[in-house]
Amino acid sequence: MKGILVNGEIKTFGKIPSVWNDENGTHLNIKEGFGFKDVVTPTYDLRVEELSAIKLVGDVYTYDVVDRVIVQTLAELKTQKISNLKSIIGSQLEKTDWVVIRQMDSGEVAPQEVIDSRAELRTQSNTIGLEIKALTTKKAVLTYDLPTFNFY
Amino acid sequence: MAKQTIGIGTVANDGNGDPLRTAFTKANENFTEVYADGFTSYARLANEFKTSAALTTNVDFATAQVFTKTLSGATTLTFSNTSIGMVKDLVITGDFALTLPAGTTVAGVYDGTVSNLIQIVVTGATEYWYSISKAI
């Protein structure tokens, strides 16, 4: 990425434009120079951080990484995270709901591995739910990665 | 045929002018040639409309129609003797930055790996439109 100062404002481009106009004329086939400098984007966690306004540091344009303002309360974030967890668990359970329903309707016994998997899902759901509830900061909640499941 | 000039002597009635028939014959032949070419022909155009010239850094619109240049480094071109409505062609090669007088609009992308045809249209006192096409 490249940046250039134009009328007091830093403009950024994915690459140097194929045509660039400034007070010196119309420039074609620019590879470097003409006021363009590299833009260095620091790595940051989009969930809890954001980039400041772009600025010149040395010979490159870059950003500061600052904490994102989180308007939700800690409790609200936990509720949302647990809701997401339940949604994930629910979608996994749905895969084998028909087996349980069939057992209820026809008496055909559900395979033990299905029953075990569903029990394991609920156990993990409870465990993870407790972990989320125990978190003490907004950042911890937002950066808590829910596991992926691939049960039946 | 070269233009035939009617002899008119040095002063009136000096007896050195062409006879009347000779004079109008010349006039007719001149007009016949002009009309035969549809009033003009490509060959009659001035060099600024029909010649190609190697370019240094100044595009003199009064000297040629096509200008050619192989860039050997970043180059800035200037224009001179422009008039509204003029159209000139630059054939440029070379993978270096090329700066033209500020143009209103540019279409196309310069490609340093091939020959590029940059057509300039003068639309105002210092206003230019550029369009770029490239060899394939």
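Predicted model: local features only at pLDDT ≥ 70, side-chain atom pairs only at ≥ 80, totals over all residues.
User: Which residue forms a salt bridge with A:Asp145?

Analyst: A:Arg47 does. The closest N and O atoms of the two are 2.6 Å apart.

User: Where do A:Asp145 and A:Arg47 lie?

Analyst: A:Asp145 is in the segment after helix H3 (138-142) of chain A, and A:Arg47 is in the loop between strands S5 (37-40) and S6 (49-51) of chain A. These parts are 98 residues apart in sequence, so the pair ties them together.

User: Is A:Asp145 buried or exposed?

Analyst: A:Asp145 is exposed, at 56% relative accessible area. A:Arg47 counts as partly exposed, at 35%.

User: Which residues are linked with A:Asp145 in a network of salt bridges?

Analyst: A:Asp45 and A:Arg47 are linked with A:Asp145 in that network.

User: Chain B now. What does B:Lys134 form a salt bridge with?

Analyst: With B:Asp111, where the closest N and O atoms are 3.3 Å apart. B:Lys134 sits in strand S10 (residues 127-134) of chain B, while B:Asp111 is in the loop between strands S8 (105-107) and S9 (116-124), so the pair ties together parts 23 residues apart in sequence. B:Lys134 is partly exposed, at 43% relative accessibility.

User: Next, B:Lys69. Is it buried or exposed?

Analyst: B:Lys69, in strand S3 (residues 66-70) of chain B, is buried. Yet B:Lys69 has no salt bridge.

User: Then what does the side chain of B:Lys69 reach at 3.0 Å?

Analyst: The backbone oxygen of B:Thr56. The backbone oxygen of B:Leu55 also lies 3.4 Å from a polar atom of the B:Lys69 side chain.

User: Switching to helices. How many residues does H1 of chain B have?

Analyst: H1(B) has 17, covering residues 20-36. From first C-alpha to last, H1(B) reaches 24 Å, close to the 24 Å expected.

User: Which residues of H1(B) are buried?

Analyst: B:Ala23, B:Lys26, B:Ala27, B:Asn30 and B:Glu33. Seen down the helix axis, the buried residues fall within an arc of 130°, so they line one face of H1(B).

User: And what is exposed on the other side of H1(B)?

Analyst: Residues including B:Leu20, B:Phe24, B:Phe31 and B:Tyr35.

User: What follows H1(B)?

Analyst: B:Gly38, which has a positive phi, near 65°.

User: Last topic: the sheet. What is the order of its 4 strands?

Analyst: It runs S3(A)-S4(A)-S7(B)-S4(B). The sheet is open, with mixed pairing. S3 of chain A and S4 (75-76) of chain B are the edge strands, as each pairs on one side only.

User: How do S3(A) and S4(A) pair?

Analyst: S3 (residues 19-22) and S4 (residues 25-28) of chain A are antiparallel, over 4 bridges. A:Val19 has A:Leu28 as its bridge partner. A hairpin joins the two strands through 2 residues.

User: How many bridges join S4(A) to S7 of chain B?

Analyst: There are 3, and S4(A) runs antiparallel to S7(B), residues 98-100. In S7(B), B:Thr99 stands opposite A:His27.

Note on methods: Residues numbered from 1 in each chain as written. Chains lettered and ligands numbered in written order. Heavy atoms only, no water. Expected span 1.5 Å × (residues − 1). Buried < 20%, exposed > 50% of the residue type's maximum accessible area, 1.4 Å probe, protein only. Arc of directions from axis to C-beta. Pairing = 2+ DSSP bridges. Lys, Arg positive; Asp, Glu negative; His and termini not counted. Salt bridge = Lys/Arg side-chain N within 4 Å of Asp/Glu carboxyl O. Polar contact = N/O pair within 3.5 Å; in protein donor to acceptor, adjacent residues only side chain to side chain.
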